[in-house]
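Hi,

Here is the structure I promised to pass on. Have a look at it first, then read my notes below.

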Protein chains: 2
Amino acid sequence: MQDLRTPALILDRARLRANLDRMAARAAALGVNLRPHMKTAKSIDVARMATKDQAGGITVSTLAEADYFARAGFTDILYGVGITPDKLADVAAVQALGADLKLILDNPDCARLVVARAKELSGPFRFLIEIDSGQHRTGLLPDDPKVLECARILTDSDGCDVLGVMTHAGHSYDCSSIDAVRRVAEAERAAVVAAAETLRAAAIPCPIVSVGSTPTALYAEHLDGVTEMRPGVYMFGDLFQHSIGSCGLDDLALSVLTSVNAWRADEGRAMVDAGAMALSLDRGAPDENGAHAFGMAADIHGRPLPGQPRIRQVNQEHGFLPGLEEAPDIGTRLRIFPNHACATAAKYSHYHVIDETGRIIDTWQRTTGW
Amino acid sequence: MQDLRTPALILDRARLRANLDRMAARAAALGVNLRPHMKTAKSIDVARMATKDQAGGITVSTLAEADYFARAGFTDILYGVGITPDKLADVAAVQALGADLKLILDNPDCARLVVARAKELSGPFRFLIEIDSGQHRTGLLPDDPKVLECARILTDSDGCDVLGVMTHAGHSYDCSSIDAVRRVAEAERAAVVAAAETLRAAAIPCPIVSVGSTPTALYAEHLDGVTEMRPGVYMFGDLFQHSIGSCGLDDLALSVLTSVNAWRADEGRAMVDAGAMALSLDRGAPDENGAHAFGMAADIHGRPLPGQPRIRQVNQEHGFLPGLEEAPDIGTRLRIFPNHACATAAKYSHYHVIDETGRIIDTWQRTTGW
């Protein structure tokens with residue numbers, strides 16, 4: 001890492017492995033499949049590690065990811081953003097690569113348009129109905145008659161079918177305690193299981209009952225009636241997940257390697273070559289005083305610096321780091337743990353993978369775009 | 001644009017051309033060279049248009065850009081972020097491509113380290129001394145003895161030399177009136193001209209006296225003593241530049257094409273497929289009430305929707321747009337003008353270029369990374 005051009009994205013393989021093992025054990029203990037969400041890592045190498053010995057396929061957030069993973073041989077893929085008819089031809093193109101690309105929707109009007117479009121394409125297209133388990137972003141409430149209406153529109157059509165129900169408890173990110181996460185996890189489970197029962201009562205098979213967020217996956221007390229979960233950011237962790245109790249600082253697998261460009265004694269701060277472009281502008285992890293920052297500084301070995309100083313200000317290619325105990329030399333290398341792994345990783349085309357000793361052992365590509 | 005997979009980055013060539021012409025005319029009227037900053041566009045095609053009939057070379061914000069433009073035949077390149085010795089070998093590699101890659105620094109300690117490192121490499125390395133004209137981010141105050149000290153360290157060495165002085169009036173972005181921008185522009189000019197005079201009084205030639213920011217380039221009353229200016233975001237414009245008077249809404253050349261995924265009558269808002277990943281989390285352009293948003297919605301022709309509604313909330317792949325006069329159909333295509341063109345463009349690998357009629361006439365690649 002002393003020789004890499006900075007800023008650069010560093011992935012600690014041992015920490016990644018430990019995070020994957022921990023979530024795989026959780027899925028096993030809860031008796032559900034693990035369908036990891038690849039929206040954070042967007043990497044074939046990480047996906048292979050995350051799905052090793054797992055039967056649950058993967059989740060993706062864009063059709064570009066679906067295409068990328070399908071070309072790498074992944075065959076069971078859930079596209080976790082509501083489908084619209086204009087995207088169905090691109091779905092068919094991914095399916096032509098040999099992947100079973102499952103889709104979601106939550107709206108009868110959309111279902112009718114999709115069914116009409118599907119007739120013009122080579123399907124079949126298979127769907128999960130999206131349920132709102134409390135985030136109130138997308139999805140139907142489990143007792144909404146439209147759940148069954150959507151399912152009927154699809155099952156009554158040629159070329160479309162229903163495989164089950166899914167939800168995402170994104171509001172678990174707003175929880176301020178583990179107990180609160182547990183309550184959200186139970187609401188997530190109960191909502192999607194209720195919707196599954198509605199479908200089954202109408203004689204519509206519902207083999208997939210899917211939940212997913214990293215906090216609820218970690219803290220759900222049980223997932224009775226659920227068949228799979230779709231956490232994603234657990235692979236890397238980040239300061240936001242740390243702030244809500246989903247990981248320790250020692251679990252953070254992703255960091256940005258940066259160099260000290262300057263030290264201003266008058267301002268008591270270092271300037272580093274990781275700014276808004278290298279760290280992202282995500283403010284998701286305020287510090288213990290509620291102040292926004294853009295990442296926490298660690299030494300080149302990944303040990304947080306004394307006092308856990310944070311990047312307090314960024315320009316496009318400059319980051320400003322006050323709070324150091326002593327003036328760093330120009331060229332000193334630091335590692336910055338990001339607020340939000342998804343946002344920061346998206347700034348890079350590849351990971352530099354390190355082993356336990358800090359040696360760079362590999363370069364893993366990641367995908368981007370839509 | 002009805003057939004593109006969304007979200008997609010759209011560049012209006014006619015507006016781009018008009019913005020380029022306007023700034024070229026400004027440079028001519030002020031009697032300075034134009035060295036456009038490519039940190040926003042990061043595109044060879046845009047750089048060729050921006051430098052047509054100009055003699056001033058280009059500016060870049062990363063060594064990846066320097067390499068990319070050098071490979072495309074650009075020979076006069078200023079790397080506008082302070083150099084450190086660890087990056088000098090990469091500079092030499094770009095120079096080996098045939099480019100004169102000029103560097104900046106502002107610190108005698110750094111200058112000594114760079115001079116020592118330069119001896120091990122094939123130079124020459126040529127520098128501008130960075131001056132602080134009021135932003136207090138980087139650079140030396142014009143009357144700081146270190147200006148001359150830096151220059152001496154470089155001119156006394158083998159393989160390094162000084163070409164002049166430069167500054168960036170980034171604090172022009174904080175101005176709330178055109179008069180305030182004019183005052184910053186004069187401070188920017190005066191600071192860098194004073195520093196140039198200090199060098200010349202010490203018999204150090206100073207052929208380059210460089211200023212640059214889009215607001216000061218547009219509103220400086222004169223640039224006597226200055227030889228070049230380095231604006232960048234003027235090429236595209238954005239809502240932030242609009243908010244500080246640097247461009248009109250009709251000048252905005254960059255937008256994100258998005259599709260309506262859903263309409264929630266209960267919440268009175270549309271959901272579109274451009275979220276944080278597609279728009280960026282830059283909050284730089286609060287609306288007329290001071291509220292943060294993530295871009296302004298226009299129709300597919302680029303006409304702002306009635307009431308100029310803004311994306312008020314984003315998740316990773318979802319954007320939420322309240323304030324529409326009527327419910328849009330699923331699949332309706334909108335264009336979102338971004339808060340900050342640099343941050344939004346960085347999310348994409350290429351531009352879809354449209355002509356005056358909205359027809360897509362080309363695809364232009366852009367570079368990324370460091």
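Let me start with a helix pair: the axes of helix 5 of chain A and helix 6 (residues 145-155) of chain A come within 9 Å of each other and cross at roughly 5°. Axes here are lines fitted to C-alpha atoms, for helices over the stretch in contact, with angles running from 0 to 180 degrees between N-to-C directions. Helices (DSSP H or I runs, at least four residues) and strands (E runs, at least two) are numbered from the N terminus. Helix 5 of chain A and helix 6 of chain A are therefore roughly parallel; the cut-offs are under 35 degrees for roughly parallel, over 145 for roughly antiparallel, 65 to 115 for roughly perpendicular, and oblique for the rest.

Before going on, the ground rules: this is a predicted model, in which local features need pLDDT of at least 70 and side-chain atom pairs count only at pLDDT 80 or more, while totals for chains, interfaces and linings use all residues. Residues are numbered from 1 along each chain as its sequence is written, and chains are lettered from A and ligands numbered from 1 in the order in which they are written.

Which residues make that helix 5 to helix 6 contact in chain A? Helix 5 of chain A brings Pro108(A), Ala111(A), Arg112(A) and Val115(A), and they meet Lys146(A), Glu149(A), Cys150(A), Ile153(A) and Leu154(A) of helix 6 of chain A. "In contact" means that the C-beta atoms, placed from the backbone, lie within 7 Å. By class, the contact has 6 nonpolar, no polar and 3 charged residues. Nonpolar covers Ala, Val, Leu, Ile, Met, Phe, Trp, Tyr, Cys and Pro; charged is Asp, Glu, Lys and Arg; the others, Gly among them, are polar.

Also in helix 6 of chain A is Leu148(A). With 18 C-beta neighbours inside 10 Å, Leu148(A) counts as partly exposed. For reference, buried means 20 or more other C-beta atoms within 10 Å of a residue's own, exposed means 12 or fewer, and partly exposed is in between, with C-beta atoms placed from the backbone. Leaving aside residues up to four places away in sequence, Leu148(A) touches Thr198(A), Leu199(A) and Ala202(A). Its C-alpha is 9.1 Å from that of Ile204(A), 56 residues apart along the chain.

The contact joins Leu16(A), Arg17(A) and Leu20(A) of helix 1 of chain A to Val46(A), Met49(A) and Ala50(A) of helix 2 of chain A. Those residues divide into 5 nonpolar, no polar and 1 charged.

Helix 3 (residues 63-71) of chain A is mostly covered, with 7 of its 9 residues buried. The cover includes helix 2, strand 3 (58-60), strand 4 (76-79), helix 4 (88-95) and strand 5 (100-105) of chain A. Just after helix 3 of chain A, Gly73(A) has a positive phi of about 100°.

Most residues other than glycine have a negative phi, and most peptide bonds are trans. His136(A), not a glycine, has a positive phi of about 60°, and lies in the loop between strand 6 (125-131) and helix 6 of chain A. The peptide bond from Thr6(A) to Pro7(A) is cis, with omega near -5°; Pro7(A) sits in the segment before strand 1 (8-12) of chain A.

Finally, the two chains. Chain A can be laid on chain B with an RMSD of 0.0 Å by a turn of 180° and a shift of 0.0 Å along the axis, superposing by least squares on C-alpha atoms of residues with pLDDT of at least 70 in both. That is the relation of a two-fold axis. In chain A, the C-alpha nearest the axis belongs to Leu281(A), 2.9 Å from it. At the interface, 42 residues of chain A are in contact with 41 residues of chain B.

Cheers

Conventions: Contact = placed C-beta atoms within 7 Å.
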